[in-house]
Amino acid sequence: MSEGISRGNPFDLTGLTAIVTGANTGIGQGIAVALARAGAGIAAVGRSAMDETAGLVAETGAPFLAIQADLGSIEPVASIIRQTVEWSGRADVLVNNAGIIRRADSIDFTEEDWDAVMNVNLKSAFFLAQAFARQLLADGRPGKVINIASMLSFQGGIRVPSYTASKSGIAGLTRLLACEWAAKGINVNAIAPGYFATNNTEALRNDDKRNTDILARIPAGRWGKPEDLGGAAVFLASSASDYVHGVTLPVDGGWLAR
Ligand code: NAP
């Protein structure tokens, strides 16, 4: 992917720097560790302590930087890119993973629950991608944006109207940015996780009926684990995906095939 660096292994990320938002836990942590195992330095962005992720990345030997930022607004966006470049001299991969969910019947849904979810899941993801792409263009480097979508980028779901809107939006935005930036050497793609055992799905897993219904529909017969996403993330971050643009790749244990 990077100019002047010849690699025998197209999945090798050695020498590259990946920014991963929401990397302290769950899917973001799993992706950060997978990218680090493939050789990338990790700039881990979030509002909570990154100590656990720092330890896991340290075990891989990859460089690690924690960046404190609340992505409930776009205020920290420019500083995230600046801190990353000051630290490593470059930013090659952006994983827009930070996300929240609010659950209530649509008939009762509040503006606060609408705005909170849209701001983190969609608005901050777009403006961070914009700041990242501006940096790549200024540096004359290629780069990779990986957005984290959802099954609700394809399906309706229930009781999560702002989440479905944001994740359907992220799939559309992935296509739009791919159309605008593919010829500039920037790949924009998304990963759509199926049902993963993280904080985000705790309420579902604690609801016996929903848990049983969900498991019954997953051909793989189990909830996903954050490490199940590592291969897709490394692929989309690496030169192996240089001609892949605008896709939303399901990693779902077969959920959508059902
Ligand atoms: P999670 O454990 O709740 O992680 C969410 C991450 O986003 C955390 O690191 C969280 O930080 C961060 N975040 C939330 N609000 C933030 C803010 N204002 N500023 C900065 N960081 C913020 O859930 P997860 O399942 O790993 O979710 C990660 C992504 O995957 C989300 O985009 C989610 O929608 C998506 N996803 C999850 C599933 C699933 O089944 N779990 C399925 C499809 C898509 P804090 O810990 O500080 O809150």
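The lining of the largest cavity in this predicted model is made up of seven nonpolar residues, five polar ones and one charged residue. The cavity has a volume of about 90 Å³, and a search of the whole structure turns up one cavity of 30 Å³ or more. To find it on your screen, look for N96, A98, V120, N121 and A125, which are the closest to its centre among the 13 lining residues. Helix 4 (111–139) and helix 5 are the elements that give two or more residues to this lining, and helix 4 has the largest share, with five residues.

Now turn to the open spaces. The largest pocket holds about 1,000 Å³ of space and is lined by 46 residues. Nearest its centre are G99, I100, I101, Y163 and N200. At least two lining residues come from each of helix 1, strand 2 (41–46), helix 4 and helix 5; helix 4 gives the most, with four residues. By class, this lining has 21 nonpolar, 19 polar and six charged residues.

Where does the ligand sit? It is found in the largest pocket. Helix 1 (26–37) and helix 5 (161–181) are the elements that give two or more residues to the shell around the ligand. That shell has 29 residues, and N24, R47, S48, Y163 and T198 come nearest to the ligand. Sorted by class, the shell has 14 polar, twelve nonpolar and three charged residues.

For G72, a backbone N or O atom lies 3.3 Å from a nitrogen atom of the ligand. For G99, a polar backbone atom is 3.2 Å from an oxygen atom of the ligand. For G194, a backbone N or O atom lies 3.3 Å from an oxygen atom of the ligand. How much of the ligand does the protein bury? Taken alone, the ligand exposes 880 Å², and the protein buries 93% of that.

One more stop remains. The second largest pocket has a volume of about 170 Å³. Its lining consists of G26, Q29, G30, V33, A34, R37, L56, P226, E227 and G230. Helix 1 provides the largest share of that lining, six residues. These lining residues divide into four nonpolar, four polar and two charged.

Methods
Residues numbered from 1 in each chain as written. Predicted model: local features only at pLDDT ≥ 70, side-chain atom pairs only at ≥ 80, totals over all residues. Heavy atoms only, no water. Near = heavy atom within 4 Å. Polar contact = N/O pair within 3.5 Å; in protein donor to acceptor, adjacent residues only side chain to side chain. Areas by Shrake-Rupley, 256 points an atom, 1.4 Å probe, with all protein chains shown as cover. 1 Å grid on protein atoms, 1.4 Å probe; cavity = no way out; pocket = protein on both sides within 12 Å on 5 of 7 lines; lining within 4 Å. Sits in = over half its atoms within 2 Å of the grid points. Nonpolar A, V, L, I, M, F, W, Y, C, P; charged D, E, K, R; others polar. Points joined across faces, edges and corners; volume = space filled by probe spheres on them.
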